[in-house]
Amino acid sequence: MAIRSTHKGDRAQLGPRVDRVVYDAVAAHSGQYGDGIPMSQWVADLLSAIVGHPELMRELDGEDVAQIFTRALDNPDLLRGRG
């Protein structure tokens with residue numbers, strides 16, 4: 001087992017089960033930044049921004065997050081009712 005060289009602080013693990021389409025999109029989007037961000041860090045950074053703690057983002061910056069959210073909010077299907 002590899003020994004980590006850096007401590008990322010007090011962290012907890014989420015294990016959401018997502019649809020394969022969502023998984024594939026996260027994999028594609030997380031790979032677009034630099035040499036690629038691990039998917040879990042990409043999601044963690046977005047969640048940090050959503051809950052109001054941008055200081056906890058490690059890989060994405062505010063501009064990246066703003067662009068991601070803008071693309072999502074520009075999607076007319078987002079406003080569609082469920083069912």
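Colleague: What percentage of the 83 residues of the chain count as buried?
Modeller: This is a predicted model in which local features need pLDDT of at least 70 and side-chain atom pairs count only at pLDDT 80 or more, while totals for chains, interfaces and linings use all residues. Residues are numbered from 1 along each chain as its sequence is written, and side-chain values use heavy atoms, with hydrogens and water left out. Buried means under 20% relative accessible area, exposed over 50% and partly exposed in between (1.4 Å probe, protein chains only). Of the 83 residues, the share that counts as buried is 17%.

Colleague: Good to know! In which helix of the chain is confidence highest?
Modeller: The mean pLDDT (the predictor's confidence in each residue, from 0 to 100) is 85 for the chain, and 88% of the residues reach 70 or more. Confidence is lowest in α1, residues 20-30, with a mean of 89. The highest mean, 92, belongs to residues 39-50, which form helix α2.

Colleague: And in what order do the elements of the chain run from the N terminus?
Modeller: Helices (H or I, at least four residues) and strands (E, at least two) are DSSP runs, numbered from the N terminus. The chain has 3 helices and 0 strands. Read from the N terminus, the order is α-α-α.

Colleague: Are α1 and α2 roughly parallel or roughly perpendicular to each other?
Modeller: Their axes (lines fitted to C-alpha atoms, for helices over the stretch in contact, with angles from 0 to 180 degrees between N-to-C directions) come within 9 Å and cross at roughly 90 degrees. Angles under 35 degrees count as roughly parallel, over 145 as roughly antiparallel, 65 to 115 as roughly perpendicular and the rest as oblique. The pair α1 and α2 is therefore roughly perpendicular.

Colleague: How do the residues of the contact of α1 with α2 divide into nonpolar, polar and charged?
Modeller: From α1 come Y23, V26, A27, H29 and S30, and from α2 come M39, W42 and V43, where contact means heavy atoms within 4.5 Å. Ala, Val, Leu, Ile, Met, Phe, Trp, Tyr, Cys and Pro count as nonpolar, Asp, Glu, Lys and Arg as charged, and the others, Gly among them, as polar. The division is 6 nonpolar, 2 polar and no charged.

Colleague: Is S40 buried or exposed?
Modeller: S40 lies in helix α2, and its C-alpha atom is 9.1 Å from that of V26, 14 residues away along the chain. Its relative accessible area is 57%, so S40 is exposed.

Colleague: Last one: which residues does S48 contact, leaving aside its neighbours within four places in sequence?
Modeller: S48 has its place in helix α2 and counts as buried at 13% relative accessibility. Beyond those neighbours, S48 is in contact with H53, P54, L56 and M57.
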